[in-house]
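Please walk me through this structure, strand by strand and helix by helix. Keep it brisk.

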Amino acid sequence: MRRTVAMLLAITAPLGAQMAYKQPPAAIAKILDTPPTPAASFSPDKSKMLMTERNGLPPISDVGAPYLRLAGTRVNPRTNGSWRETFARGLVVRAIGSTTETRIQTAAGAKISHVTWSDDSRKIVFSITGADGIKLWVADASTGAAHKLADVSLNGIANPCSWMDATELICQTIPAGRGAAPAAPEIPEGPIVQEADGHKNPAPTFEDLLSSPQDEKLFDYYFQSQLAIISLDGTVTRIGSKGVHSRTSPSPDGKYVLVSTVHRPYSYQVPEGRFPALTEVWDRSGKSVRKVQDTPLQEGAPRGVDAVETGPRAVSWRADAPASLVWVEALDGGDMNAKVAKHDHLLALSAPFQGEPQELIAVESRIGGGRGGSVTWAKSDLAIVTEAARKTRKTKTWAINPSNPSQAPRLMWERSTDDRYGDPGRFELTRGAFGDNVLLTSKDGESAYLVGAGASAEGDRPFLNKLDLATGKTTELFRSQAPFYENVSTMLDPEGSRIVTLRESTDEVPNYFIRDVAANKLTQLTHAKDPAPEFAGVKKEFVKYKRADGVDLTATVYLPAGYDKAKDGPLPFFLWAYPAEFETVAAASQISGSPYRFTRPSGASRLMMLTQGYGVMDNPTIPIIAQNGGKPNDTYVEQLVAGAKAAIDKVVEMGVADRDRIAVGGHSYGAFMTANLLAHTNFFRAGIAESGAYNRTLTPFGFQNEERTYWEATDLYTKMSPFTYADSIKTPILLIHGMADDNTGTFPINSERLFAALKGNGGTAKYVQLPAEPHGYRARESIGHVLAEEVAWLDKFVKPKVKVKAD
């Protein structure tokens, strides 16, 4: 008898009382409280290195402080910044090849963000958030001297400033005399009404949307900004009218600004990125010199994975020209199912922006896979354009001549986006004549450089290749060699003879090195220390195995420090995974990752369980592959079960895991996997599911890579929903969910309803709700509590050799 997913008549049950935060075991707490390793960036001229000293996990007092949910964004009303903003506590500059460090002079406890180098590599600009708002600061990279640039407050909801040139920035500032935020009415002003007009307007299940006229007022208040040009001497020149400026981008020559301004009507169905927006070119006085596009409200874009809006999109500047607009437009009305020869084209229009734009190339799919950003500018006669289609998972890369568009584009390569082994890499960029990023070429201009992950049957082996732009032939300059994982960070010269790499191994901390490629010589730049020396004795093995149908699979198996198989025997094990869809067996069988990475846990990592006597099988591949011309999800449950069984069989065969003491867990789509495995197998002693979606009727217009709707594939949605089989889940399951989950589709009600269904059907479950936490948990207290709950759950149901009955 066909089961149906309850949508309206959900089971309800008391969910328990609030309790104090728990601390995890001491070994885990120590790791959580260790400051993170500084992050590195390089000056545009590659002469200096900036080390950003990052803060550790924020306290719940920061994460749980009041915020506003407005049009898909979470706003900190005290600072007019992003609620998600992370801060650095210090900045240190080091000349490449020198051990001398220069500390940027900021006050102790300063909350630093929005850090950026000037085009000439002499200055570093950043913001400091304080009680008086977000202020703009500048520092001299040579001396470390720093000061506040101007007494204006920045609107920090998005990145507030961009360089106009080496001495000026354009910033979004809080309008003068703005006044207090609109107060909520004490008495409702009337009902809130929405209408459907008879047209199909499918939309994903977005979070944090506007929901009332009061929200609209708050959106206008917090998102409005006044654009201002701020010079390094502190001069502030306000330009144009205030507005909800969602984007500001100066032209490479600094004479114009591309401005997108959101306007009404707003929507309660989609976030700000789909609101109506007027895109214009302004001159330095704020006068509009060209209207590019007035994009209408995008509540009903054409359906399909490759659907796009009509009209100009991905509007930007040519990086290799003083002031030349470029954008992408659909030739198919935004619908990839339309029967047309070409679906997208790239257009350009140079200052003074008069007349009609010039077509540079037309393609058979979507430029940039629909986003339009995959154009690399090189010089007047060369640009590189990438097109892709999500539906077919095919991509092509073309070389074009922007100065002579009638010249036929030259195909550089064509490949499947699923084929990691065939990925040629990304082009290395450099600052061009106008300060923007352009293609880095050799001194003779005949070659470019490709940097890639180097996926292979031996695992990832990062590389640097030299590409002959005329012939397409590549020459390998560098490739990571076992037993190290060495990733190219930047090139120090245009011939690729000196590069900076980040080098690590299973027992060597990642550190930056200068590599002399020809001499094969290394000079160490940084000396980071092991953030979790307790893990030094952990054993790690990259394993390969097969699914019953012959599909190749991989995983990383970790064993606790001091473990002796002969002496200790098989361990209780924790399997943590995240399934992925593939169109072909060949793509699904490709190896991902490297056996030579330095691995240390951070945050709510499953690897923390190694400190408590558990083995961990991390990221066993669980591929969901299209079968017999169908879609991957047509056999989702069957393939999920087959992948999990193969993983268990492997660790048991190794002699390190006790088949009767294995738990499974995952986050988000991995949590969805976990609940399904417990519903359809008896493989596991327990499960841990973090922030998952368990009832697919709540995401009726698609999820992950599934584009069919609930009404087109009702049986599929029903079968894939573990909520449907809640009465079959008898294995103990720990459900954890952030009460402020902001991810599309993973509403907290998913965990609430599944827990109620489990309780109502006599299941063994615990439901932990984390106040103020989004989809990815942030606060130290929350993460500590999650790990405490997970350790206790595994200790109760998995570690004992005799199966424990529920209380």
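Lys 111 stands opposite Thr 129 in β9. The model is a predicted one. That pairing belongs to a run of 5 bridges that join β8 to β9, and the two strands run antiparallel. They form a hairpin with 5 residues between them. In the turn, Ser 121 has a positive phi of about 65 degrees.

On to the next strand. β9 also pairs with strand β10 (residues 133-140), in the antiparallel sense, over 8 bridges. Here Val 125 stands opposite Val 138 in β10. A hairpin joins β9 to β10 through 2 residues. How enclosed is β9? Of its 8 residues, 6 are buried, so β9 is largely enclosed by the rest of the structure. In a regular strand the side chains alternate between the two faces of the sheet.

Now look for empty space. Rolling a probe the size of a water molecule over the atoms shows where such space is left. The count comes to 1 cavity of 30 Å³ or more. About 50 Å³ of space lies in the largest cavity. The elements that give two or more residues to its lining are β8 (111-117) and β9 (123-130). The largest share, 3 residues, comes from β9. The lining residues include Val 125, Phe 126 and Ser 127, along with His 114 and Thr 116. Leu 136, Leu 154, Asn 159, Pro 160 and Cys 161 also line the cavity. By class, the lining has 6 nonpolar, 4 polar and no charged residues.

A disulfide is a covalent bond between the sulfur atoms of two cysteines. The count here comes to 1 disulfide. Cys 161 and Cys 171 form it, with their sulfur atoms 2.1 Å apart. Cys 161 lies in strand β12 (residues 161-163) and Cys 171 in strand β13 (residues 168-173), so the pair ties together parts that are 10 residues apart in sequence. Which hand does the disulfide have? The torsion about the S-S bond is about 115 degrees, so the disulfide is right-handed. Both Cys 161 and Cys 171 are buried.

Strand β2 (residues 48-54) and β6 pair in the antiparallel sense over 7 bridges. The bridge partner of Arg 54 is Ala 88 in β6. β6 (residues 88-95) is mostly covered, with 6 of its 8 residues buried. β6 pairs as well with strand β7 (residues 101-103), again antiparallel, over 3 bridges. There the bridge partner of Val 92 is Arg 103. The hairpin of β6 and β7 has 5 residues between the strands, and Gly 97 takes a positive phi near 85 degrees.

Two helices remain. Helix α6 (residues 636-653) has 18 residues, so at 1.5 Å a residue it should span 26 Å. Its end C-alpha atoms are 26 Å apart, which agrees. Among its buried residues are Tyr 636, Leu 640, Ala 644, Ala 647 and Val 651. An α-helix has 3.6 residues a turn, so residues three or four places apart point the same way. After α6 comes Gly 655, whose phi is positive, near 80 degrees.

Helix α7 (residues 669-680) has 12 residues. From its first C-alpha to its last it reaches 17 Å, close to the 16 Å expected. Is α7 enclosed or open? 11 of its 12 residues are buried, so α7 is largely enclosed by the rest of the structure. The buried residues include Tyr 669, Phe 672, Met 673, Leu 677 and Leu 678.

Terms used: Residues numbered from 1 in each chain as written. Predicted model: local features only at pLDDT ≥ 70, side-chain atom pairs only at ≥ 80, totals over all residues. Heavy atoms only, no water. Helix = DSSP H or I, 4+ residues; strand = E, 2+ residues; numbered from the N terminus. Expected span 1.5 Å × (residues − 1). Buried < 20%, exposed > 50% of the residue type's maximum accessible area, 1.4 Å probe, protein only. Pairing = 2+ DSSP bridges. 1 Å grid on protein atoms, 1.4 Å probe; cavity = no way out; pocket = protein on both sides within 12 Å on 5 of 7 lines; lining within 4 Å. Points joined across faces, edges and corners; volume = space filled by probe spheres on them. Nonpolar A, V, L, I, M, F, W, Y, C, P; charged D, E, K, R; others polar. Disulfide = S-S within 2.5 Å.
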